[in-house]
Amino acid sequence: MFKRAIAIGLCSMLLTSNLAFASMPSDKVYATGTAISKPMIMSRFIEMQYARAMSEIELETLTGQNINLDQYKGKVVLVNLWATWCGPCIKEIPMMEGIRQANKDKDLVVVPVSIDESTKDIQPFLDKHGLGDYLTYHREQYSLDEVLPANVVPATFVLDGDGNLIGFLRGYLDWGDKEVQPYLEALTQKYAKREEFLQ
């Protein structure tokens, strides 16, 4: 009985995993070439063989203003999905802020996106955890799922300088590891301006 329960659980996980990628962008834009050599800490990050065209991602600030990602053209964008009910997200947020600060004069930006049902609990939650200054955006999970799979948090999706999806990592990562920043710099050099793909 126990083995049968495990088998059913595994099948459910596989089905959920397959469904999770149903909203992953599929239109290929260009071949990304040789993958960047990954340090062990980044082993679960997938650098895609083909960049994928993305639908426009519309977000809102916690005060209700609408924004999109066009303002980051020419930069690599880390879209980091999180939620107030996600324990590992609280560990990731300070590291994401560290990445943002370390790269504020570079062609890499961090765009945190809460997938909570509403914005009303987000700022109190951040304040409670000493993260009151964390600049985050919001889009409800069911709505974001039309653009990117948002059923797993934390999750980080990486966009090139033209807003195409070039990589992702679903689940928690120790983004504060010393080998992460050099890898992000390599991604930025390869994908921010995309010169090698335009020749």
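1. Thr136 counts as buried because its relative accessibility is 3%, and the cut-off for buried is under 20%. The model is a predicted one. Thr136 sits in the loop that runs between α3 (122–128) and β7 (137–138).

2. The side chain of Thr136 has polar partners. One is the side chain of Trp82, in a polar contact of 2.9 Å. Another is the backbone oxygen of Pro112, which the Thr136 side chain reaches at 3.3 Å.

3. What else does Thr136 touch, leaving aside neighbours within four places in sequence? Its contacts include Leu62, Val113, Ser114, Ile122 and Leu126, along with Trp82 and Pro112.

4. Now the core. The largest nonpolar core holds 59 residues, and Leu81, Val111 and Trp175 have the most contacts inside it. Elements giving it two or more residues are β2 (46–52), β5 (76–82), α2 (87–102), β6 (108–114), α3, β8 (155–159), β9 (165–170) and α5 (180–191). β5 supplies the largest share, six residues.

5. Trp175 deserves a look of its own. Setting aside neighbours within four places in sequence, Trp175 is in contact with Met42, Leu78, Glu92, Met95, Met96, Ile99, Thr156, Val180 and Leu184.

6. For the chain as a whole: six helices and nine strands. Of its 199 residues, 47% are buried. Take contacts between residues at least 6 apart in sequence: 73% of them join residues at least 24 apart. The accessible surface is about 10,700 Å², and carbon and sulfur atoms account for 54% of that surface.

Note on methods
Residues numbered from 1 in each chain as written. Predicted model: local features only at pLDDT ≥ 70, side-chain atom pairs only at ≥ 80, totals over all residues. Heavy atoms only, no water. Helix = DSSP H or I, 4+ residues; strand = E, 2+ residues; numbered from the N terminus. Buried < 20%, exposed > 50% of the residue type's maximum accessible area, 1.4 Å probe, protein only. Contact = heavy atoms within 4.5 Å. Areas by Shrake-Rupley, 256 points an atom, 1.4 Å probe, with all protein chains shown as cover. Polar contact = N/O pair within 3.5 Å; in protein donor to acceptor, adjacent residues only side chain to side chain. Core = buried A, V, L, I, M, F, W, Y, C linked by side-chain atoms within 4.5 Å.
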